[in-house]
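This briefing goes through one protein model by topic. Keep the sequence and the 3D view open while reading.

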Amino acid sequence: MSKSASIDTQSYWIDSESLPRFPKLDRDEQVDVVIVGGGITGLTAAYLLTREGRSVAVLDRDRCARIDTGHTSAHVTMVTDVRLSELVKSFGRDHAQAVWDAGFAAVAQIDDIVRSEGIDCSFAWVPNYLHAPGIMSSTVDDVDFREEARLAAELGFDAEFVADVPLMGKPGVRYEDQARFHPRMYLAGLARAIEKAGGRIYENTEASEFNDKPLSVKANDCTITCDDVLLATHTPLTGNSNIALATMFQTRLALYTSYVVAGRAPHRRVPDALFSDTADPYHYLRVDPHRDYDVVIFGGEDHKTGQATDTGACYARLERDLRVRIPGIEVTHHWSGQVIETPDGLPYLGRNAEHQFTATGFAGNGMTFGTLGAMIAVDGIAGRANPWAELFDTGRTKVRHGLWDYIRENKDYPYYLIRDRFAGAEGRTLRSLKRGEGKILDLNGTRVAAYRGDDGKSVLRSSVCTHLGCEVAWNVAERTWDCPCHGSRFKPDGEVIAGPAESPLSKIER
């Protein structure tokens, strides 16, 4: 795969499961809670709220479970990206234990829903291995796996040191009672249960305006009034937050792109477990079992969104590493997703304005923390105390090392603003644009994000990200416009794929 080669990046999850279709919002309504976003956080919250007898409306600007949840690897685990020993150093033993306790509670919540609703989604409890990097990694490993195992066991988690992790041949830790599932099969079951309980789900319905007197959300020129709002959009919308505070909050989030390849291998060739190594960036692996074969899902190669010049090479390296681990594997899928990091390594979950809740910053624990975010929001809406609400509070003060991490993640923002204004364009005429290609062009003194479709027609949009004014860059492998400052992503026609941007790239008239 080269810089010039685009590839099919439809995820395995989307290819292997179709969710029910839901209508567009076409009338004014009134409900108890409006949920913006139809991924794991939004649909879990809607399910829990309808189970309590509350009326809900879920709004998704695309289709449910298609963007972030549709591009996960679906590791369901309490084991965080930040190692337990580091959590103890940053937060203390009690709080570190609480973080993992909360993650385990989320896994148990998923299990409870699967059993209660009889959802056929390949859910299974499996072990999770944290292990040293493989032979293809250049990372020097300095993790004391014996100490990690001892600490986890001391804090009450079922963990043991393993000298030779299966498949990997490296030392590591085995954590029991983690899980895997098919995320879209799970959410399809959730959606059906929500509708059965009277909840309303609307697709192709973008929340375009929020008002607080009365509290309401406008979408498709219709208005839904409500008592509470949950912003379940991975990267949070502004909603009814103070615009200055909301913008500052968004700059505390660092958006990374993570790549995944998947392929068919003989049944049980790979142990049914979760795997992640301690490389930087780390690699992760799991299987989706079938009767006659298993789909092996392998990911990594993370980088800040918009800051890789050859995204196809990321897939190529993963595919090479996967073939080394599993000779003869038939690679069938390539895709990428976004993960969001925070300065202290923990997500922001809970109330961020009066009668408004959000959930973001899941890092590599999207399925777990997405579920936990729904649980915390539902407790907040119901007026119940939640044992982890303060720990993950969206307005929590910085912890030890938090200020340094925040500076590190944002230090390049001024650089990109300067570079965008003075860097040379990639061309000055549409004739330089090939089919399926995107470039930043200087057309008569205007910098333009130009794309030529496979049909030969060109699409011209402003190259300026609608979030905070950085210039987007073309992602060759994904055929998207990505912002290198805060990770917004846009389709070739400028429509928003993922925030923090809320508006499409402006049209340029020729």
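A nonpolar core is a set of buried Ala, Val, Leu, Ile, Met, Phe, Trp, Tyr and Cys residues joined through side-chain atoms within 4.5 Å. Buried means under 20% relative accessible area, exposed means over 50%, and partly exposed lies in between, using a 1.4 Å probe and protein chains only. The model is predicted: local features need pLDDT of at least 70, side-chain atom pairs count only at pLDDT 80 or more, and totals for chains, interfaces and linings use all residues. Residues are numbered from 1 along each chain as its sequence is written, and side-chain values use heavy atoms, with hydrogens and water left out.

**Nonpolar cores**

- The largest nonpolar core has 86 residues, and the members touching the most others are Ile 35, Trp 100, Phe 181, Tyr 186, Leu 372 and Phe 392.
- Helix α4 (residues 93-117) gives the most to this core, with 10 residues; helices (H or I, at least four residues) and strands (E, at least two) are DSSP runs numbered from the N terminus.
- A second, separate core of 22 residues includes Tyr 259, Phe 275, Leu 285 and Ile 326.
- In soluble globular proteins, nonpolar side chains tend to be buried together.

**Two residues and their contacts**

- Contact means heavy atoms within 4.5 Å.
- Leaving out residues up to four places away in sequence, Tyr 186 touches Ile 40, Ile 110, Ile 113, Val 114, Ile 119, Cys 121 and Phe 181.
- Val 79 lies in the loop between β4 (75-76) and α3 (84-91), and it counts as buried because its relative accessibility is 10%.
- With residues up to four places away in sequence not counted, Val 79 touches Trp 100, Asn 128, Tyr 175, Gln 178 and Asn 365.

**Helices α4 and α9**

- Two packed helices are described by the angle between their axes and the distance between the axes.
- Helix α4 and helix α9 (residues 366-382) pack at about 85°, with their axes 8 Å apart; axes are lines fitted to C-alpha atoms, for helices over the stretch in contact, and angles run from 0 to 180 degrees between N-to-C directions.
- The two helices are therefore roughly perpendicular, a label for angles of 65 to 115 degrees, while under 35 is roughly parallel, over 145 roughly antiparallel and the rest oblique.
- Residues of α4 including Ala 102, Gly 103 and Ile 110 meet a group in α9 that includes Met 367, Leu 372 and Met 375.

**The six-stranded sheet**

- Two strands pair if DSSP finds at least two bridges between them.
- Six strands form an open sheet with mixed pairing, in the order β8-β3-β2-β12-β19-β18.
- Strands β8 (200-202) and β18 (348-353) are at the edges with a single partner strand each, so one side of each has no neighbour in the sheet.
- From one strand to the next, the twist averages 20°.
- Within this sheet, β2 (residues 33-36) and β3 (residues 56-59) pair in the parallel sense over four bridges.

**Strand β14 and its partners**

- In β14 (residues 274-277), Leu 274 and Ser 276 point one way and Phe 275 and Asp 277 the other way, and all are buried.
- Strand β5 (residues 124-131) runs parallel to β14, joined by four bridges.
- Strand β15 (residues 284-289) pairs with β14 in the antiparallel sense over two bridges, and a hairpin joins β14 to β15 through six residues.
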